[in-house]
Amino acid sequence: MTRFEKLHIRLTENLHPVLCELQDDSHAHAGHAGAASGGSHYSLKIICPQFEGLNRISRHRLVYDAIGDMMHTEIHALAISALAPSEIPT
């Protein structure tokens, strides 16, 4: 299983999002110190009912809790856009 797949599985199994768009941006950081140490760079857009009523920091904590130790070992950077379903325009 790739790092990308593992990350996506952890997010979907732990948060049950309505939408989980994960993008690997590592190629854009070649030569960067974090890339040299083996850490990857990702962008995430995630929409979850659990985010309703929570501020941005609390939403990010839920994401970090979902991915667990990957943030300290396999991920160098994670840009997060975390929204509640009510924040999506119809």
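**Entry 1: the overall layout**

I started with the order of elements, and along the sequence the protein reads α-β-α-β-α-α-β. That makes four helices and three strands; helices (H or I, at least four residues) and strands (E, at least two) are DSSP runs, numbered from the N terminus. I am working with a predicted model, where local features need pLDDT of at least 70 and side-chain atom pairs count only at pLDDT 80 or more, while totals for chains, interfaces and linings use all residues. Residues are numbered from 1 along each chain as its sequence is written, and side-chain values use heavy atoms, with hydrogens and water left out.

Next I looked up burial for the protein: 33% of the 90 residues are buried. Here buried means under 20% relative accessible area, exposed means over 50%, and partly exposed is in between (1.4 Å probe, protein chains only). I also checked the contacts, meaning heavy atoms within 4.5 Å. Of those with a separation of 6 or more, 65% come from residues 24 or more positions apart.

I turned to the strands and found three of them in an open sheet, ordered 1-2-3, with mixed pairing. Strand 1 (19–24) and strand 3 (75–83) are the edge strands, each pairing on one side only. From one strand to the next the twist averages 15°. For pairing, DSSP has to find at least two bridges between two strands.

Which way do strand 1 and strand 2 pair? They are antiparallel, over six bridges. I noted two of the partners: Leu-19 is bridged to Ile-47 in strand 2, and Leu-22 to Leu-44 in strand 2.

I then asked how enclosed strand 2 is. Six of its eight residues are buried, so strand 2 is largely enclosed by the rest of the structure.

**Entry 2: helices on the sheet**

Helix 1 lies across strand 1, strand 2 and strand 3, and runs at about 160° to strand 1. Helix 3 (residues 56–67) lies across strand 2 and strand 3, at about 130° to strand 3. For these numbers, axes are lines fitted to C-alpha atoms, for helices over the stretch in contact, and angles run from 0 to 180 degrees between N-to-C directions.

How do helix 1 and helix 3 sit relative to each other? Their axes come within 8 Å and cross at roughly 115°. In this contact, Leu-7, Arg-10, Leu-11, Asn-14 and Leu-15 of helix 1 meet Leu-62, Val-63, Ala-66 and Ile-67 of helix 3. Sorted by class, the contact has seven nonpolar, one polar and one charged residues. The classes are simple: Ala, Val, Leu, Ile, Met, Phe, Trp, Tyr, Cys and Pro count as nonpolar, Asp, Glu, Lys and Arg as charged, and the others, Gly among them, as polar.

**Entry 3: Tyr-42 and its ring partner**

I went looking for aromatic pairs, with ring centres of Phe, Tyr and Trp (its six-membered ring) within 6.5 Å; planes under 30 degrees apart count as stacked, over 60 as edge-to-face and the rest as tilted. The count came to one aromatic pair. Phe-4 and Tyr-42 form it, tilted, at 6.3 Å centre to centre with 40° between the planes. The pair links distant parts of the chain, with Phe-4 in helix 1 (residues 3–15) and Tyr-42 in strand 2 (residues 40–47), 38 residues apart.

Are the two partners buried or exposed? Phe-4 is partly exposed because its relative accessibility is 30%, whereas Tyr-42 is buried because its relative accessible area is 3%. Leaving out residues up to four places away in sequence, I found Tyr-42 touching, among others, Arg-3, Leu-7, Leu-22, Ile-75 and Leu-78. I also noted Gln-23, 19 residues from Tyr-42 along the chain, with 5.5 Å between the C-alpha atoms.

**Entry 4: two loop residues**

His-16 lies in the loop between helix 1 and strand 1. Its phi is near 50°, a positive value in a residue other than glycine. Most residues other than glycine have a negative phi, so I marked this one for a second look. His-16 is exposed because its relative accessibility is 57%.

Gly-53 lies in the loop between strand 2 and helix 3. This glycine is exposed too, at 78% relative accessibility. Last, I noted that Gly-53 and Ala-84 are 31 residues apart in sequence and 8.1 Å apart in space, C-alpha to C-alpha.
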